[in-house]
Amino acid sequence: MKQNYQILMERELARIEASGRRPRLLLHSCCAPCSSAVLEALNRYFDIDLFYYNPNISPRSEFDRRVEELKRLVAALPHENEMNVIVGDYDAEAFMAMCRGHEADTEGGARCELCFRMRLGAAAKAAKERHSDCFTTTLTISPLKDAQLLNAIGQALSEEAGVPWLPSDFKKKNGYKRSCELSKEYDLYRQDYCGCVFSKMERDRRKATEGDGHD
């Protein structure tokens, strides 16, 4: 049975607000556009450490560009509470090793699930090391990402690390639409592929096919 993770998050946020506390959230960030609406929605409740750990992104110049856009967004976005950017290691070799045997998987398949586990696993570890009160990810704001799967992975890692997982489905209630609006407002760089070399090749094949169709 599918869970409504938006409702679960709203209940948790209401509990936090009623407590009068301001917990510290470790927020795994995939990019500035996806982070924009999430930060807008969550900053009133938390001090936020944005953990940019994305060894899947290829090439390195793309990784660096997304880091700089995230830093620029955080500097420009109005916020009530603390927001920091923490850049994780660029473990491209580890990512490619993890993908071995899954190179031909389709987008959204088993390779993507492995990628989610790798990135959220690092976020859970960082949350534990930093004594965060909870952790979550911006990934659920994408219409192309499975919120049920992401939350199941996050909850399992939460139990292993001993750090609470904040459930989410940030695309709900026009969250994705709001991220597009904020991206336009702040003139954010919006990439046209998910990030990894495999999604980049898929993008290039799609563009080539579209180009052939215009001949």
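**The second largest pocket**

Helix H1 (5-19), H2 and helix H7 (175-185) each contribute at least two residues to the lining of the second largest pocket. Helices here are DSSP runs of at least four residues (H or I), and strands of at least two (E), numbered from the N terminus. The largest share of this lining, 4 residues, belongs to H2.

The model is predicted: local features require pLDDT of at least 70 and side-chain atom pairs pLDDT 80 or more, while totals for chains, interfaces and linings use all residues. Residues are numbered from 1 along each chain, and side-chain values use heavy atoms, without hydrogens or water.

**The largest pocket**

The largest pocket is lined by 30 residues; Ser142, Leu144, Lys145, Tyr193 and Cys194 lie nearest its centre. H2, helix H5 (110-129) and helix H8 (197-213) each supply at least two lining residues, with H8 giving the most, 4 residues. A pocket is an open set of points on a 1 Å grid where a 1.4 Å probe fits, with protein on both sides within 12 Å along at least five of seven lines; lining residues have an atom within 4 Å of a point.

**The sheet and its helices**

Four strands form an open sheet in the order E3-E2-E1-E4, with parallel pairing (at least two DSSP bridges). Strand E3 (83-87) and strand E4 (134-137) are at the edges with a single partner strand each, so one side of each has no neighbour in the sheet.

Strand E2 (residues 47-52) is joined to E3 by 5 bridges, and isoleucine 48 has methionine 83 in E3 as its bridge partner. Helix H2 (residues 32-42) packs on the sheet and touches strand E1 (24-28), E2 and E3, contact meaning heavy atoms within 4.5 Å.

Note on methods. Axes fitted to C-alpha atoms, helices over the stretch in contact; angles between N-to-C directions.
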